[in-house]
Amino acid sequence: MAVEDFFLADYQHVSLMEYPGKISSIAFTHGCNLRCRYCHNPALVAGRKGSNRLPDFLDYLKGKDIEAVALTGGEPLLADDIAGFLKGIVDMGLAVKLDTNGFLPNRLKKVLSAGLVDYVAVDLKAFNDVDLKAIVRTNHKLDSFFRTLDVLKTSGVPFEIRHTIWKMPSEADVASVAEHVGDAPLFVQTLRDVRMLDKSYKPEIFDRSAAVELFEKYFKDVRVR
């Protein structure tokens with residue numbers, strides 16, 4: 001499929017934060033295989049598709065001082081025509097950052113093997129399978145996340161791990177997950193005070209600085225956003 005066949009839900013003109021060291025535009029896909037309670041993009045996860053913003057986005061990129069496109073969602077890897085879209089962006093001379101929730105390792109491997117992605121941000125939703133099911137409300141297991149890490153390490157494509165702190169994990173769980181991560185940086189994010197996918201969700205109250213200290217004990221590179 002060609003880049004023109006891709007459905008783009010929306011885009012943001014410029015970001016100085018999304019792609020490390022590059023001026024980027026952010027492209028948003030529609031649909032997700034998770035139902036995270038704290039998701040701050042509910043329209044992209046469970047809402048109806050609107051009009052395709054792809055023609056506007058491609059037109060915007062022409063002649064702009066944009067160095068990269070950050071593809072996020074939703075879950076971008078759910079799109080069957082993602083390879084055509086990414087190739088179109090690469091052919092424009094732009095770098096590509098891909099955000100993924102870490103539960104589609106086979107699809108990730110395909111786009112990495114094709115040389116269509118320059119940087120990846122993968123989500124770490126929880127530190128054990130019980131908490132994972134509680135927060136994403138699906139039956140995914142951490143094993144899929146670990147396979148995603150294996151794919152990334154083998155590919156040689158630089159990547160980061162992102163964790164939104166929603167509860168205080170146990171030290172044993174943090175130590176176990178950290179063993180799989182290696183040298184990749186862990187970016188720690190706090191919950192945003194915005195409308196969430198689960199309107200009834202009430203985050204736990206705990207000392208987030210203590211959680212960061214725990215992460216720093218086991219992960220080699222911890223950064224707070």
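**Figure 1. Pairing of strands E3 and E4 in the predicted model**. Strand E3 (residues 68-72) runs parallel to E4, and 4 bridges join the two. Strands pair if DSSP finds at least two bridges between them. Leu 71 has Leu 98 of E4 as its bridge partner. Strands (E, at least two residues) and helices (H or I, at least four) are DSSP runs, numbered from the N terminus. Residues are numbered from 1 along each chain as its sequence is written. In this predicted model, local features need pLDDT of at least 70 and side-chain atom pairs count only at pLDDT 80 or more, whereas totals for chains, interfaces and linings use all residues; side-chain values use heavy atoms, without hydrogens and water.

**Figure 2. Burial of strand E4**. Of the 6 residues of E4 (residues 95-100), 6 are buried, that is, under 20% relative accessible area with a 1.4 Å probe, protein chains only. Ala 95, Lys 97 and Asp 99 are buried on one side of the strand, and Val 96, Leu 98 and Thr 100 on the other.

**Figure 3. The surroundings of the strands within the protein chain**. The protein chain holds 8 helices and 8 strands. Its radius of gyration, taken over C-alpha atoms, is 17 Å, close to the 17 Å from the globule rule for 225 residues (2.2 Å times the number of residues to the power 0.38), so the chain is as compact as a globular protein of that length. Buried residues make up 52% of the 225 in the protein chain. The C-alpha trace spans about 50 × 40 × 30 Å along its principal axes.

Methods: Buried means under 20% relative accessible area, exposed over 50%, partly exposed in between (1.4 Å probe, protein chains only).
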